[in-house]
Amino acid sequence: MINVKDLYKSFGKLEVLKGISNHIDEKEVVVVIGPSGSGKSTFLRCLNGLETATSGHIEIAGMELTHSKTKLHMLQQKVGMVFQQFNLFKHLTILENITIGPRKVLKRTKEESNALARELLKKVGLSGKEDSYPDELSGGQQQRVAIARALAMQPEVMLFDEPTSALDPEMVGEVLQVMKDLAREGMTMVVVTHEMGFAREVGDRVIFMDDGMIVEEGSPQDIFSNAQEERTKSFLAKIL
Ligand code: ADP
Ligand code: MG
């Protein structure tokens, strides 16, 4: 589903990604961990075309995206992304937030998109919130709407960039639960998170990134209980 080869990304003189290569299978759930500034967000942003790689090769959901910007909107519809800050449209209702993509981009009818949105709201446990505005919802609810909005584009891959980091602790669980359900349904997912419980329970593979490189990867068991690299061990010692 995702194939990355020798991915480099610089911002001016700052080299942020220094040769990332990885292969992610359909239905795989990959958890990316690593210190702040190690390039995790930049990596995800390259995967959905929000950043253009300096060099290297990315293939995702059957599309090549090296250097070309032409298919960007097609890519962003196949690759959903959820951010730390939920980024909902404040002046639109919850229903409108979810239907705007399907209507404008996928050219679905109002009836079709509304029906899909209601189904997705049910899935994330928010039936009845259709006519609310984002500000009327808690952080956890807003993040679940953000997930529903991404799913409304019927993506083949979902990328999550620290989806629970901005939430009050009591709301983390409800968002992780939606992500777990999604994983069980077979969604291909790449998740940057510090939630090690989630990584252990749901992750098929854990990637540890540091300084723009993949230092080590393996099953959650391999990484959390039997890390080989000093950098991995010292990072885990700080967060576990
Ligand atoms: P992480 O998500 O692991 O914390 P990021 O990918 O956000 O790391 O950032 C990696 C490095 O790239 C940091 O030093 C950050 O300051 C830098 N960086 C990220 N985005 C930009 C940008 N748009 N312009 C300049 N520097 C950036
Ligand atoms: Mg980040």
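1. A quick term before we start: a crossing of two helices is called right-handed if the near helix is turned clockwise from the far one by less than a right angle, and left-handed if the turn is anticlockwise. Keep that in mind as you look at this predicted model, where the crossing of H3 and H4 is right-handed.

2. Let's stay with that pair. Two packed helices are described by the angle between their axes and the distance between the axes. For helix H3 (residues 94-104) and helix H4 (residues 110-123), the axes come within 9 Å and cross at roughly 125 degrees.

3. Sorted by class, the contact of H3 with H4 has seven nonpolar, three polar and three charged residues.

4. On the H3 side you will find Ile94, Asn97 and Ile98, which meet Val145, Ala148 and Arg149 of H5. The classes here are four nonpolar, one polar and one charged.

5. H5 also packs with helix H6 (residues 169-184), at an angle of about 20 degrees and with the axes 8 Å apart. That makes H5 roughly parallel to H6, and the crossing is right-handed. In H5, the residues in contact are Gly139, Gly140, Gln141, Gln143, Arg144, Ile147 and Leu151; in H6 they are Met171, Glu174, Val175, Val178, Met179 and Leu182. By class, this contact has seven nonpolar, four polar and two charged residues.

6. Finally, have a look at ligand 1. Which residues are around it? They are Phe11, Leu14, Val16, Pro35, Ser36, Gly37, Ser38, Gly39, Lys40, Ser41 and Thr42. A polar backbone atom of Gly37 is 2.7 Å from an oxygen atom of ligand 1. For Ser38, a backbone N or O atom lies 3.2 Å from a ligand 1 oxygen. With Thr42, an N or O atom in the side chain is 2.5 Å from an oxygen atom of ligand 1.

Technical notes. Residues numbered from 1 in each chain as written. Chains lettered and ligands numbered in written order. Predicted model: local features only at pLDDT ≥ 70, side-chain atom pairs only at ≥ 80, totals over all residues. Heavy atoms only, no water. Axes fitted to C-alpha atoms, helices over the stretch in contact; angles between N-to-C directions. Helix = DSSP H or I, 4+ residues; strand = E, 2+ residues; numbered from the N terminus. Nonpolar A, V, L, I, M, F, W, Y, C, P; charged D, E, K, R; others polar. Near = heavy atom within 4 Å. Polar contact = N/O pair within 3.5 Å; in protein donor to acceptor, adjacent residues only side chain to side chain. Contact = heavy atoms within 4.5 Å. Parallel < 35°, antiparallel > 145°, perpendicular 65-115°, else oblique.
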